[in-house]
Amino acid sequence: MWKPPERIRHPLPEPGWPSAVAAAGSRLFSPLEVGRLRLRNRTWVPAMVPWRATESGFVTPEVVAWYERFARGRPAALVVEATGIRDVPSGPLLRVGDDRFVGGLAELVAAVRRASGGETRLLLQILDFLVIRRRPEREKYLSRFLTVTPRHLARLGVANEEAAREALARCSEAELEAVLSPRELEALRFGYRERVTDLHLQHVAALPRALTGLFAAAAGRAEAAGFDGVELHCAHAYTLASFLSARNDRTDGYGGSRAARVRLPVEVLERVRASVGGGFVVGLRMLAEECIEGGSGVDDAAFFAVELARAGADFLSLSRGGKFEDAKQPKVGAAAYPYTGPSGYECMPTAISDARGPFGRNLAAVRTVRAALRAAGLATPVVAAGGIGTFAQAEEILASGTADVVAAARQSLADPDWFEKVRRGRGAEVRRCIYSNYCEGLDQMHKQVTCQLWDRQDLDEPDLLRSRDGRRRLVAPRWRAEE
Ligand SMILES: Cc1cc2nc3c(=O)[nH]c(=O)nc-3n(C[C@H](O)[C@H](O)[C@H](O)COP(=O)(O)O)c2cc1C
Ligand code: SF4
């Protein structure tokens, strides 16, 4: 992962753990009673892909164990990982693109209900993504994958495709730069990647028509499986986020101005809302800032938030960065990954950072977005995430009106019981995330995600679920006080 050049090591912030009495009177453990999103308190575990589904996208016992473990810590809300809405192969990513996935998801829901005593509200994050291919071998790309056009023939000064491919094979890197277009060079150096702006591709041009129905059907299946709601994934590097991006210059009414860029997410939201029951929660995750050159900033996010809230979003969960545009060049045979560049760092900052540090980097932007909602008379709850892992931070976020709900991804992975420990006045027992991104490294390699603070502990436990290589436990050890 990219790291800021300053490489300043930041100590963990003072936790300010409360006594049980202070926790009971705190903002963090006060209920949220706004609209459909009714939470027993303000604690939230955001989506994290643990790469545990089958190659065909089905729930496995390892997936169930992952969510069951978070549920034992009884967060008010738990968001199940990014789950594909299409019925297409997508590796070990969960899928909800067909009714055959509902049974497995229903088992997951039942496990969470049991483990949390029914106290945790369970949401499914649903997403669409465009085609991305692995970085090809140079020889294969030039001899097979590249579509040779008259432009290439003219630039190379040859008469036919065969001669063009022979000439291309002999080109230096600098010569290739003169012959290939920027997109072709990108396909060669990073792997081919579709954009929402590729209107020459029929299926990309048709996205607005296709996606409303696909998202609505997926939400219907989530409801059938027993989830409390869905989170439409409009953040990071995926299709709906790319529609919101300032880099989206589609000319069909779905790109260009802010109003045009938010049009498809609004249409998806309205269609999903119309297709599910009245009590079912439909919220969104989007970016407070894209953190890429020419990307959307906080003013765009504030505009989108108001439009989406007016269109009926039950909550807005705000993340940051995580884009393809500045991702690191992958190795030959691997695909580009959106969390490997500076914007990826903004999404999941590590303890080695710049002067701003990794803790609460997104909060100033979140505060601005929430203020815009309130100024427009909208009470839609806002969820903040990014480098939050203490009671002191959480209380400050709520007291200052920055957000209504506090989400912690990596801290919850490091210690799935941490909210519960804090609530019971046992904060000193929290296993604190050190923001090393060992977990994120596993995620990047599509390996089963675990935490370095516990995955080698008590490996002799009976019936322990282990990683494929047998070397790591797949869920955090039990908290003794819980037994
Ligand atoms: C292993 C891993 C997988 C993640 N998967 C998702 C995902 O599926 N959807 C999503 O919106 N964010 C995903 N994220 C981002 C987190 O939800 C969160 O926004 C980010 O980690 C910053 O919060 P934190 O500092 O509390 O970890 C993932 C993060 C990690 C570490
Ligand atoms: S591996 Fe564990 S300690 Fe390191 S960042 Fe991930 S959750 Fe935190």
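Two helices each supply at least two residues of the shell around ligand 2: helix H18, residues 410-414, and helix H20, residues 438-444. Keep in mind that this is a predicted model. H18 gives the largest share of that shell, three residues.

Which residues come nearest to ligand 2? Of the 13 residues around the ligand, they are Cys433, Ser436, Tyr438, Cys439 and Cys451. If you sort the shell around ligand 2 by class, you get nine nonpolar residues, three polar and one charged.

Last, a helix pair. Helix H3, residues 102-115, packs against helix H10, residues 207-225, at an angle of about 50 degrees, and their axes are 8 Å apart. Angles from 65 to 115 degrees would count as roughly perpendicular and those under 35 as roughly parallel, so H3 is oblique to H10. The crossing of H3 and H10 is right-handed.

What makes the contact? On the H3 side there are Val102, Leu105, Ala106 and Val109, and on the H10 side Arg221, Ala224 and Ala225. By class, the contact of H3 with H10 has six nonpolar residues, one charged and no polar ones.

That is the end of my part.

Methods:
Residues numbered from 1 in each chain as written. Chains lettered and ligands numbered in written order. Predicted model: local features only at pLDDT ≥ 70, side-chain atom pairs only at ≥ 80, totals over all residues. Near = placed C-beta within 6 Å. Helix = DSSP H or I, 4+ residues; strand = E, 2+ residues; numbered from the N terminus. Nonpolar A, V, L, I, M, F, W, Y, C, P; charged D, E, K, R; others polar. Axes fitted to C-alpha atoms, helices over the stretch in contact; angles between N-to-C directions. Parallel < 35°, antiparallel > 145°, perpendicular 65-115°, else oblique. Left-handed = near helix turned anticlockwise from the far one by under 90°. Contact = placed C-beta atoms within 7 Å.
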